[in-house]
Amino acid sequence: MVLVDGEPEKTRFGFIALIGLPNTGKSTLINRLVGDKVAIVTPKAQTTRCRVVGLCASGSSQLAFIDTPGIYEPRHRLDRAMVQTAWRGIEEADIVVLLLDATRRYDALSQTLAQNVEKSARIAVLAINKVDKVERSRLLPLVAEVTTGRRFTATYMISALTGDGVDTMRGALADMVPAGGWLYPGDQMMDMPVRVWAAEITREILFRRLHQEIPYALAVTTEEWRELGDGSLRIEQRIQVTRESHKPIVVGQGGRQIKGIGKSARMELEKTLGRRVHLFLRVKVDPKWQDDPEFYRAMGLVFPH
C-alpha cells in the first residue's frame, strides 16, 4: 500500500514490452520513460542485444518496461537469439506497445508486427515515435492505416528524443497495468546485472566510434568487478572480435583508439555510478564467440541451436 494525499490506495504493477523494428527509438524511449540511462543508444540499427528492463513509478503504479531488440530477418545465430528475445517480450508482458517510426512507411514487416501484437491477447497500445521529424498532416493517415481493423486500446503521438507526449503515455499506461504489489524496490531503475550493463556501456562507445560492420562482429564482457579500499571500482573488460584484421582497428595506431574508447566509457560509468572507476580494456580475437552458450546466458538470451 502507498499513501496518496493521505489516503491509502492500492498499488499497481505491470510489465510493458516495447516492440518495433530496428532504429525506431525503443532504447531512447525507455531511457526517457525511466528518467535515466538504462539502455544504450547509437545511430546504428540493431544496437540492443539483450533484454533490458527499465523501472519507474507513476503515482501508485510501478512500470517495468521491457526494451527488446529490433525485429528483423535474422541471418546468424546471434540475430536469431535477439529476435526470439523480442518475441518473448510479448509473451511476458501485460501490455505491448508497438512503436512505429513516423518517418518510415508502414511496410510488410511492420504489418506483421501489428498482427502478432494483436494475436498476443495482451493490451495493445500504438505509439508513433519521431513526430518531431515529420509534418503533422502525415500522422493521421499513418494512424488510420495501422489501426483500421485492428485492436489498439490507445494511440499516442510521441517524440522519445524531445519528450513530447511521453509523460501522457506513461500516465495512461500506469492506469492500465493490473492491480498488485510492486515487484522491485522503489529506487531501482533497471533489472540487469550491473556487470552486463557496464559492458553494454563500453559496447555503445565502440558502436559510436567504429564504422561499417565491425561493431556487429564484436562483443564486450566484464571479467572483473572489484571495489577498492578508497571506494573506487576496478573494472576489467574483454572486447572480442571475430577477425585478426579487426583488432588493430579497435586498438588504433599507437593504441589511441582503445584509449579514447576506454576514456569515454569510464566517464559514462562514473557519471551513472557516482564513483571513480578504473577501467581496463583488452582486445581478443575469437572467431567463434557467437557460438559460446555462456555469452548468451550472460546477456539473458536463449542460445539458439
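Which residues does W182 touch, not counting residues up to four places away in sequence? The list runs T11, R12, F13, A57, G59, S60, S61 and Q62. Keep in mind that this is a predicted model.

- W182 sits in the loop between α5 and α6.
- W182 and A64 are 118 residues apart along the chain, and their C-alpha atoms are separated by 9.8 Å.
- F13, one of the residues that W182 touches, turns up again in the aromatic pairs.

**The aromatic cluster**
- The model has two aromatic pairs.
- In the pair of F13 and F15, the ring centres are 5.2 Å apart and the planes stand at 85°, which makes it edge-to-face because planes over 60 degrees apart count that way.
- Both of these phenylalanines, F13 and F15, are buried.
- F13 also pairs with Y184, with ring centres 6.2 Å apart and planes at 45°, so this pair is tilted.
- What does the F13 and Y184 pair tie together? F13 lies in strand β3 (residues 12-19) and Y184 in the loop between α5 (166-176) and α6, so the pair links parts that are 171 residues apart in sequence.
- Y184 is buried, as is F13.
- Put together, F13, F15 and Y184 form one aromatic cluster.

**The six-stranded sheet**
- Six strands make up an open sheet with mixed pairing, and their order is β4-β5-β3-β6-β7-β8.
- At the edges are β4 (52-58) and β8, each of which pairs on one side only.
- From one strand to the next, the twist averages 25°.

**Strand β7 and its neighbours**
- Strand β7 (residues 123-129) has six of its seven residues buried, so it is largely enclosed by the rest of the structure.
- On one side, β7 pairs with strand β6 (residues 95-101) in the parallel sense, over seven bridges.
- Within that pairing, L99 stands opposite A127 in β7.
- I128 has M157 in β8 as its bridge partner.
- Here too there is a right-handed β-α-β unit, made by β7, helix α4 (residues 139-147) and β8.

**Helix α8**
- How many residues does helix α8 have? Helix α8 (residues 256-273) has 18 residues.
- From its first C-alpha to its last, α8 reaches 25 Å, close to the 26 Å expected at 1.5 Å a residue.
- The buried residues in α8 are Q257, I258, G260, I261, G262, A265, E268 and L269.
- An α-helix has 3.6 residues a turn, so residues three or four places apart point the same way.
- Which elements do the buried residues of α8 pack against? They pack against α6 (194-209), β10 (233-241), α7 (247-251) and β11 (277-285).
- Just past the end of α8, G274 takes a positive phi of about 70°.

How values were computed
Residues are numbered from 1 along each chain as its sequence is written. This is a predicted model: local features need pLDDT of at least 70, side-chain atom pairs count only at pLDDT 80 or more; totals for chains, interfaces and linings use all residues. Side-chain values use heavy atoms; hydrogens and water are left out. Buried means under 20% relative accessible area, exposed over 50%, partly exposed in between (1.4 Å probe, protein chains only). Helices (H or I, at least four residues) and strands (E, at least two) are DSSP runs, numbered from the N terminus. Two strands pair if DSSP finds at least two bridges between them. A crossover is right-handed if, with the strands pointing away from the viewer, the path from the first strand over the helix to the second runs clockwise. Axes are lines fitted to C-alpha atoms, for helices over the stretch in contact, and angles run from 0 to 180 degrees between N-to-C directions. The expected span of a helix is 1.5 Å times one less than its number of residues. Contact means heavy atoms within 4.5 Å. Rings of Phe, Tyr and Trp (its six-membered ring) pair if their centres lie within 6.5 Å; planes under 30 degrees apart count as stacked, over 60 as edge-to-face and the rest as tilted.
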